[in-house]
Amino acid sequence: MTLTFTLDPSLDPALRDDVLALWADVSNAGGAVGFVPPVTPEDVRPELARRLTEIEEGRTRLLVGRDADGTVTATAFLVPTPHRLMRHHLWVYVVMVHPKHQGQGYGRALMAAVEEAARGFDGIEALRLTCRGGTGADLFYTACGYQEVGRVPGAIRVAPGDDRDDVHMMLPLT
């Protein structure tokens, strides 16, 4: 397993297409990244466009992991907390590893790269994220050192009659 991570890569059309394809593939494999399968890249495109606008405005940063072939295999969006009293926390959103690589340590490598990147940001003392209950993601993040700090029961409705908890997790960096 070899992944090379880049923080703030050039947002050229090829990278945009690769992230879009990854997001659709992860969603269609049941990944809890904002969509419920089935989705097409066109379904995901508006959300990616929103994130890319945030990057261009300096409000979000992108971490990309590429495999040995140079294929975009993992991503995470890093977002400073906008509230002036919480600027020492950094949010981690849309954590993705391509389904064909899951179970090979890529997720742990991605989360280690997220932590390393965050340690390079001035004043950041903790990472925060949320995950969809019932997926096992909370167990994965716990294994990566995160602690569950809150849970909102039934906050995520993936289908009628299928409500999931919104699990809040944090990793102190100090």
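How many bridges pair S5 with strand S7 (residues 162-172), and in which sense do the two strands run? In this predicted model, S5 and S7 pair in the antiparallel sense, and 7 bridges hold that pairing. Leu129 has Met169 in S7 as its bridge partner.

S7 also pairs with S6, to which it is joined by 8 bridges, again with an antiparallel course. Within this second pairing, Val152 finds its bridge partner in Asp166 of S7. The two strands S6 and S7 make up a hairpin that leaves 2 residues between them, and Gly161, which sits in the turn, has a positive phi of about 80 degrees.

**The largest pocket**

The largest pocket holds about 980 Å³ of space. Its lining is made up of 42 residues, and those closest to the centre of the pocket are Ala32, Val33, Val95, Ala137 and Tyr141. Two or more lining residues come from each of helix H1 (13-28), helix H2 (41-56), S4, helix H3 (106-119), strand S5 (126-132), helix H4 (137-143) and strand S6 (147-159). Among these contributors, S4 supplies the largest share of the lining, with 6 residues. When the lining of the largest pocket is sorted by class, 23 residues are nonpolar, 12 are polar and 7 are charged.

Tyr141, one of the residues closest to the centre of the pocket, belongs to helix H4. Its relative accessibility is 8%, and because this is under the 20% limit, Tyr141 counts as buried. Leaving aside neighbours within four places in sequence, Tyr141 is in contact with Val95, Met111, Leu129, Cys131, Tyr146 and Met169. Two of these contacts, Leu129 and Met169, are the residues that form a bridge between the paired strands described above. For Cys131, another of the contacts, the C-alpha to C-alpha distance to Tyr141 is 9.0 Å, across a separation of 10 residues in sequence.

**Buried residues and their contacts**

Which residues does Val114 touch, not counting residues up to four places away in sequence? They are Leu63, Ala76, Leu78, Val92, Leu127 and Tyr146. Val114 has its place in helix H3, and with a relative accessibility of 0% it counts as buried. Between Val114 and His98, which are 16 residues apart in sequence, the C-alpha to C-alpha distance is 17 Å.

Not counting residues up to four places away in sequence, His89 touches Pro80, Thr81, Ile124, Ala126, Arg128 and Met170. With one of these residues, Arg128, the side chain of His89 makes a polar contact through its own side chain, at 3.4 Å.

Glu54, a residue of helix H2, counts as buried at a relative accessibility of 10%. Beyond residues up to four places away in sequence, Glu54 touches Arg59 and Thr60, and a polar contact of 2.9 Å joins its side chain to that of Thr60.

| Residue | Partner | Polar contact |
|---|---|---|
| His89 | Arg128 | 3.4 Å |
| Glu54 | Thr60 | 2.9 Å |

**Backbone features**

Most residues other than glycine have a negative phi, and most peptide bonds are trans. Against this background, several places in the backbone deserve a separate note.

Asp8 is not a glycine, and yet its phi is positive, at about 60 degrees. Asp8 is found in the loop between strand S1 (4-7) and H1, and it is partly exposed, with a relative accessible area of 38%.

Val94, which is not a glycine either, has a positive phi of about 50 degrees. Val94 lies in strand S4, and its relative accessibility of 13% makes it buried.

The peptide bond that leads from Pro37 to Pro38 is cis, with omega near 0 degrees, and Pro38 is found in the loop between H1 and H2.

Methods. Residues numbered from 1 in each chain as written. Predicted model: local features only at pLDDT ≥ 70, side-chain atom pairs only at ≥ 80, totals over all residues. Heavy atoms only, no water. Polar contact = N/O pair within 3.5 Å; in protein donor to acceptor, adjacent residues only side chain to side chain. Contact = heavy atoms within 4.5 Å. 1 Å grid on protein atoms, 1.4 Å probe; cavity = no way out; pocket = protein on both sides within 12 Å on 5 of 7 lines; lining within 4 Å. Points joined across faces, edges and corners; volume = space filled by probe spheres on them. Helix = DSSP H or I, 4+ residues; strand = E, 2+ residues; numbered from the N terminus. Nonpolar A, V, L, I, M, F, W, Y, C, P; charged D, E, K, R; others polar. Pairing = 2+ DSSP bridges. Buried < 20%, exposed > 50% of the residue type's maximum accessible area, 1.4 Å probe, protein only.
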